[in-house]
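I opened this notebook to record what I looked up, entry by entry.

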Amino acid sequence: MAKKIIGSMLLLLIGMVSLSFLSGLKVEAADRVHTVSSQETVESIAAIYDISTEQLMNMNGLPDGKLYIGQKLTIQTAYIPSNYQWSERGKQIGNYAKSFTGFNKTAGEETPIKGFDSSGLIHWVLSRQKVPIDRMSVEGYYKQGMDTKAPKAGDIIFFLEKGSSKAVTAGIYLGGYQFVNSGYGAETVQVRSTTENYFAQYEVEYKTYTPKGEHVVQNNETLKSISENYGVSVDTIKKRNALPTDSLMQGQYLQIYSNPLYPFYTNQEASYDKAYDVIKYAYTLRGFTYVFGEYDPMIGMDCSGFIYWAMKEQGISLKRGSAADYYSSLPELSDPKAGDLVFFRDTDLSQEITHVGIYLGDGRFIHTTRNTGVHISDLTSSYFTQKFESFGQVHADMD
């Protein structure tokens, strides 16, 4: 009898341990997504799961330590750090977008506090992931993005009216038919699927702002280490990016492979001999910050300082001046070529020439602004159409 009692107790004890163990497994599985509550920080959440703050931030694409109540963070204990190729950056972008699931859809808004419309969500996520872009409409992002037939996480998915190229809504693609969209057909940010009946009435296209084959220079990296990482020679990387020396700046975007990532200028006639090199080098500075009155990328540059630096580094003699100075010194023209300058008036509430950029072709130009830093914009956007003044011909004898 005693043996039966002991046996029963053992079975009961084993059962209790088993239930406790299984319960633990369920909790572990459920904790793969953490919803941010009041007063929580990146440090406190990382401590809960015994992971580093860097690991938590990387796996969710967090650009800084700022969190928002209701944000949903993915928890993965076996995380592989990003190597900063765009395929990895794209995953971070997708994960960051997904963290806002459940946030409000609010027309015309672009922040977690006020909510997002579909284009506002795209702007918030990409800009916070250091992809330098303007705040535009869905239609604007459709025109600005580069076509891709092989979409990856972090690319933008667009839904077009059938039989036209009018973009109706857009989201951030996650892969596997899924994307994050701010409330089209719903009232909150949701992870949606292209297989839903709701989206069957539209045509689907993808654009990329996170191209493969572009490397973001990290601290202490050298041309030699990047060359060895990709198996592309130092000389080739220098040529493809028109780098004037072997020195690199942290944050530069380097084109690694042969096809231009932003090919607006490739079919354009160059305004002067070194125009393509100026453009290639200017591309490497995308995302560098704006600082009024400065011209050094490591400090910051204003719009005319950016022009001065890009040309100076390519051996072009150009006096450091303001946008108005460059406007007054260059002949006006109506048929610009790649490398010419484009001028704008009244961008700071004055009636003078106040802004300048480098024309790329196909209606695009590269410039720097306070909010975005160095980036590419479209002349057909409503803002720049209103502020446009003229093109200025860069002299052939400047090189």
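**Entry 1: a loop residue.** I began with Lys130, which is exposed because its relative accessible area of 59% lies above the 50% cut-off. The model is a predicted one, and I kept that in mind throughout. I found Lys130 in the loop between helix 5 and helix 6 (138-144), just after helix 5. Its phi is positive, about 65°, although Lys130 is not a glycine. I noted this since most residues other than glycine have a negative phi.

Entry 2: Asp362 sits in the loop between strand 17 and strand 18.

**Entry 3: the chain as a whole.** Stepping back, I read off twelve helices and 20 strands for the protein chain. The chain has 399 residues, of which 49% count as buried. Among contacts between residues at least 6 apart in sequence, I recorded that 57% join residues at least 24 apart.

**Entry 4: helix 5.** How much of helix 5 (residues 118-128) is covered? I find that helix 5 is mostly covered, with nine of its eleven residues buried. The buried ones are Ser118, Ser119, Gly120, Leu121, Ile122, His123, Trp124, Val125 and Leu126.

Entry 5: I next traced an open sheet of six strands, whose order is 5-10-6-7-8-9 and whose pairing is antiparallel. At its edges I found strand 5 (146-147) and strand 9 (189-193), each of which pairs on one side only. Within this sheet, strand 7 (residues 167-175) and strand 8 (residues 178-182) are antiparallel partners, joined over three bridges.

Entry 6: Strand 15 and strand 20 (residues 388-392) run antiparallel and are joined by two bridges. I located Leu333 opposite Phe391, which belongs to strand 20.

**Entry 7: helix 9 against helix 10.** I looked at how these two helices meet, and helix 9 (residues 275-284) packs with helix 10 (residues 303-312) at an angle of about 120°, their axes being 9 Å apart. That angle makes helix 9 oblique to helix 10. The crossing of the two is right-handed. From helix 9 the contact uses Val278, Tyr281 and Ala282, and from helix 10 it uses Phe306, Trp309, Ala310 and Met311. By class, I noted seven nonpolar residues in this contact, with no polar and no charged ones.

**Entry 8: helix 8 against helix 9.** The axes of helix 8 (residues 234-241) and helix 9 come within 7 Å and cross at roughly 100°. Lys239, Arg240 and Asn241 of helix 8 meet Lys280, Tyr281 and Thr284 of helix 9. The residues of this contact divide into one nonpolar, two polar and three charged. I noted that Tyr281 of helix 9 is listed both here and in the contact with helix 10.

**Entry 9: Ser382.** Is Ser382 buried or exposed? Ser382 is exposed, because its relative accessible area is 65%, and its place is in helix 12 (residues 382-387). I also looked up a pairing across the sequence: Ser382 and Gly140 are 242 residues apart along the chain, yet their C-alpha atoms are separated by 9.4 Å.

Note on methods: Residues are numbered from 1 along each chain as its sequence is written. This is a predicted model: local features need pLDDT of at least 70, side-chain atom pairs count only at pLDDT 80 or more; totals for chains, interfaces and linings use all residues. Side-chain values use heavy atoms; hydrogens and water are left out. Axes are lines fitted to C-alpha atoms, for helices over the stretch in contact, and angles run from 0 to 180 degrees between N-to-C directions. Helices (H or I, at least four residues) and strands (E, at least two) are DSSP runs, numbered from the N terminus. Angles under 35 degrees count as roughly parallel, over 145 as roughly antiparallel, 65 to 115 as roughly perpendicular and the rest as oblique. A crossing is left-handed if the near helix is turned anticlockwise from the far one by less than a right angle, and right-handed if clockwise. Contact means heavy atoms within 4.5 Å. Ala, Val, Leu, Ile, Met, Phe, Trp, Tyr, Cys and Pro count as nonpolar, Asp, Glu, Lys and Arg as charged, and the others, Gly among them, as polar. Buried means under 20% relative accessible area, exposed over 50%, partly exposed in between (1.4 Å probe, protein chains only). Two strands pair if DSSP finds at least two bridges between them.
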